[in-house]
Amino acid sequence: MSANASPTGMQPTATYDSPFLKACRREPVPHTPVWFMRQAGRSLPEYRKVREGIPMLESCTRPELVTEITLQPVRRHGVDAAVYYSDIVVPLKAIGLDLDIKPGVGPVVAEPVRTRADLARLRDLTPEDVSYVTEAIGLLTRELGATPLIGFAGAPFTLASYLVEGGPSRTYENAKAMMYGDPELWADLLDRLADITTAFLKVQIEAGASAVQLFDSWAGALAPADYRRSVMSASAKVFEAVAGYGVPRIHFGVGTGELLGLMGEAGADVVGVDWRVPLDEAARRVGPGKALQGNLDPTVLFSTPQAVEAKVREVLDAAAGLEGHVFNLGHGVMPTTDPDALTRLTEYVHTQTAR
């Protein structure tokens, strides 16, 4: 157990009073904290330079490279938290599944999980399987000092979607066919993935992560009744399993406007909101007792600085009455985004919200 987290919920003074963690705890902040999702560094030329010739999943297993890439957006943009450089399929690769991330496509699984016999391939994840994560986070927390590090993992539904489909999907026909047609197999698959996800998050927290985010990227494909019946309990299991560490738990999905209340109910401290629902309306749907994160449309950054400021102002105005607000994009930074636009955005939010 690191000094950064403990079952009693104690936090180190170095990051405990950071604006990001204060906002997650719904406490007063000196300014609205900002960070950017999904490897913000991938829009940076310095990121492309250090990644050149190195496959994505291999880059995630090199602690010194992970450290450098994680630090790049913090150095460049002055954001209030770093997000650990990894990928949601890293724990699946670590337990021996034959998968790869194909450029321009995404994660591709050689043998999709379709039968009960396939579940046997999903063994437990041990800290030894991802020792490079422990090493990288140790390096990072020393470099970051008072800046919090956010660990993350893929939520059971999103991981299951990749495993059952064999890769990215627009329709999730195979995953939904299992969910509706063999609910027992589906429940067992999500339960197994919840355990793997929990183990991966615990490694990150115990190594020094100050907060964790569960990415349920594809949950927006579900109707609320199906989410409650067939998905929510697995995500809730993950959140409950790491509750004792006392680190903020963030829950995020895309196209999840109809699910926001249920996603909060699953156990997160902070609910991430994409750009489709204004934050004041999102707060009404989520209910009291949760901070919100979001939610500028990432494509706005391709517009003029004046247009970006106007849209940021809309987000900040909608967030004015929130108990806690962490500024973020409504999804990940796009690779062709001008890095200077992100730097200006961070400065603008800090300036406009200074208290």
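Biologist: Which way do helix 8 and helix 10 cross, left-handed or right-handed?

Modeller: Helix 8 passes helix 10 in a right-handed crossing. For the handedness, a crossing is right-handed if the near helix is turned clockwise from the far one by less than a right angle, and left-handed if anticlockwise. Helices here are DSSP runs of H or I with at least four residues, strands are E runs of at least two, and both are numbered from the N terminus.

Biologist: Before we go on, what sort of model is this?

Modeller: It's a predicted model, where local features need pLDDT of at least 70, side-chain atom pairs count only at pLDDT 80 or more, and totals for chains, interfaces and linings use all residues. Residues are numbered from 1 along each chain as its sequence is written, and side-chain values use heavy atoms, with hydrogens and water left out.

Biologist: Back to that pair. At what angle do helix 8 and helix 10 cross?

Modeller: Roughly 115°, and the axes of helix 8 and helix 10 come within 9 Å. The axes are lines fitted to C-alpha atoms, for helices over the stretch in contact, and angles run from 0 to 180 degrees between N-to-C directions.

Biologist: Which residues make the contact?

Modeller: From helix 8 you have Pro-156, Phe-157, Leu-159, Ala-160, Leu-163 and Val-164. Helix 10 brings in Trp-186, Leu-189, Leu-190, Leu-193, Ala-194 and Thr-197. Contact means heavy atoms within 4.5 Å.

Biologist: How many of those are nonpolar?

Modeller: Eleven are nonpolar, one is polar and none are charged. The classes are Ala, Val, Leu, Ile, Met, Phe, Trp, Tyr, Cys and Pro as nonpolar, Asp, Glu, Lys and Arg as charged, and the others, Gly among them, as polar.

Biologist: And how does helix 9 sit on helix 10?

Modeller: Helix 9 and helix 10 pack at about 115°, with their axes 5 Å apart. Ala-175, Met-178, Met-179, Tyr-180 and Gly-181 of helix 9 meet Pro-183, Leu-185, Trp-186 and Leu-189 of helix 10. That contact has eight nonpolar residues, one polar and no charged.

Biologist: What about helix 10 with helix 12?

Modeller: The axes of helix 10 (residues 183-207) and helix 12 (residues 232-241) come within 9 Å and cross at roughly 25°. That makes helix 10 roughly parallel to helix 12; the classes are under 35 degrees for roughly parallel, over 145 for roughly antiparallel, 65 to 115 for roughly perpendicular, and oblique for the rest. The crossing of helix 10 and helix 12 is right-handed.

Biologist: Which residues of helix 12 are buried?

Modeller: Met-232, Ala-234, Ser-235, Val-238 and Phe-239. Buried means under 20% relative accessible area, exposed over 50%, and partly exposed in between (1.4 Å probe, protein chains only). The buried residues of helix 12 pack against several elements, including helix 8, helix 10 and strand 5 (211-215).

Biologist: Is Tyr-172 buried or exposed?

Modeller: Buried, with a relative accessible area of 8%.

Biologist: And Pro-148, where does that lie?

Modeller: In the loop between helix 7 (131-144) and strand 4 (149-154). Pro-148 is buried, with a relative accessible area of 0%. Not counting residues up to four places away in sequence, Pro-148 touches residues including Thr-15, Phe-20, Asp-80 and Ser-210.

Biologist: Last one: how many helices and strands does the chain have?

Modeller: The protein chain has 16 helices and nine strands. Of its 355 residues, 59% count as buried, and the C-alpha trace spans about 55 × 45 × 40 Å along its principal axes.
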